[in-house]
Amino acid sequence: MKTEKRVAVITGSSKGLGFEIARQLAKLENIQVIMSSRDETQGLEARGNLVQQGLEVDYLPLNVIDDKSVVNFVGALHKQYGRVDILVNNAGVNSTKEPEESSILTAKLDTVISSFAVNTVGPLRMCQALIPLMKERNYGRIVNVSTEMASLNLISNDFYVIAPSYRLSKISLNGVACLLAKELKGTNILVNNYSPGWMKTDIGGADAPLTTEEGAETAVYLATLPDGGPQGGFFAEMRKFGGPFPLPW
Ligand SMILES: NC(=O)c1ccc[n+]([C@@H]2O[C@H](COP(=O)([O-])OP(=O)(O)OC[C@H]3O[C@@H](n4cnc5c(N)ncnc54)[C@H](OP(=O)(O)O)[C@@H]3O)[C@@H](O)[C@H]2O)c1
C-alpha cells in the first residue's frame, strides 16, 4: 500500500496524548497516520475508534525499548509504505508517584534506568531506525514529547515535584534533540522538542488543567513545519502563549 501522502508514526498512541496527536494529524489532508502501541489489542481498539470517526489510520505494534520490536516495526513500515516523513516520539513513563522519587538521594536506580530506557533511549532508537529512511527523501519532521520540568535553566527555582527519574530522562531527551539537530543541520529533517503542559491523562491525573486536545496542538504544529522551520528547538505548549514559544534548555 504505497502512498503519496506523508507517513506519520506516533509512538504510544493507543491512549492519552499520543492518541490525540494521531487523531489531529489524521484529520489533516496528505498525512497517513501509523498508530502504534506495545499492546496490540489496545492499539487495534484505538485504531478502530479513529476509523469509526471516519479517519483513515493504520496500526503497527511497537515497543520502543525492544530492539526486535523496532526492527519488525520498521520492516513492516518499509514494506507497506516505503517511506516515513514524521516521527512523534510520544511514548513515555513517569514514576513520580513512587515515594522514593521525592528526592534524588532516594530515587531507586532501577527506576532511573527504566525511565531512561523508555523516555530517552526509546526515542533515540526510533530516530536511529527511521532517520535513514527520512534521508532518502531529504524530508523529516521529528517531534519529541518532553516537559518544561526538563529545563535545566529553570530547575533551580521552579515549583515542580522533584521526580528525578522522570526529569533526568527528559533532560537527556532534550540532549538527544540537540545532538541530532547539530548532525542534521543543513538537511530538511527538523528535530524539535516540546512540553505539552500538564494534561488529564494516566500520567497527568484528573486534576490537570489541560486536555490532550490542547496538549497535542504544538505537536501537530512541529510535525507539519514548513521547510526552513526551526531546527533543534524546545517549545512550550502553544496555547499558553498564543503561538510557538521557546523554552530555555
Ligand atoms: N500528562 C502530562 O501532564 C504530561 C506532561 C508533560 C509531558 N508528558 C509526556 O507526554 C507523553 C504521553 O504521556 P500521557 O500523558 O499521554 O500519558 P499516558 O496516557 O500514560 O501515555 C503514555 C503512552 O506511552 C506508552 N508507552 C509506555 N512505554 C512504552 C513502550 N516501551 N513502548 C511503546 N509505548 C510505550 C504507553 O503505552 P501503554 O498503554 O502500553 O503503557 C502510553 O500509550 C509522555 O512522553 C509524557 O512524559 C505528559
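1. Angles under 35 degrees count as roughly parallel, over 145 as roughly antiparallel, 65 to 115 as roughly perpendicular and the rest as oblique. Helix α4 (residues 109–137) and helix α5 (residues 164–184) have axes that cross at roughly 20 degrees and come within 8 Å. The two helices, α4 and α5, are therefore roughly parallel to each other.

2. This is a predicted model, where local features need pLDDT of at least 70, side-chain atom pairs count only at pLDDT 80 or more, and totals for chains, interfaces and linings use all residues. Residues are numbered from 1 along each chain as its sequence is written, and side-chain values use heavy atoms, without hydrogens and water.

3. Which residues meet between α4 and α5? From α4 they include Val112, Phe116, Leu124 and Ile131. From α5 they include Leu168, Leu173, Val176 and Leu180. Contact means heavy atoms within 4.5 Å.

4. The structure holds three aromatic pairs. Rings of Phe, Tyr and Trp (its six-membered ring) pair if their centres lie within 6.5 Å; planes under 30 degrees apart count as stacked, over 60 as edge-to-face and the rest as tilted. Phe234 and Trp249 are stacked because their ring centres are 5.1 Å apart and their planes lie at 20 degrees. Phe234 is in strand β7 (residues 233–235) and Trp249 in the segment after α7 (238–241), so the pair ties together parts 15 residues apart in sequence.

5. Phe234 is buried, at 2% relative accessible area. Trp249 is partly exposed, at 29%. Buried means under 20%, exposed over 50%, partly exposed in between (1.4 Å probe, protein chains only).

6. Phe241 and Phe245 also form a stacked pair, 3.9 Å centre to centre with 5 degrees between the planes.

Terms used:
Helix = DSSP H or I, 4+ residues; strand = E, 2+ residues; numbered from the N terminus. Axes fitted to C-alpha atoms, helices over the stretch in contact; angles between N-to-C directions.
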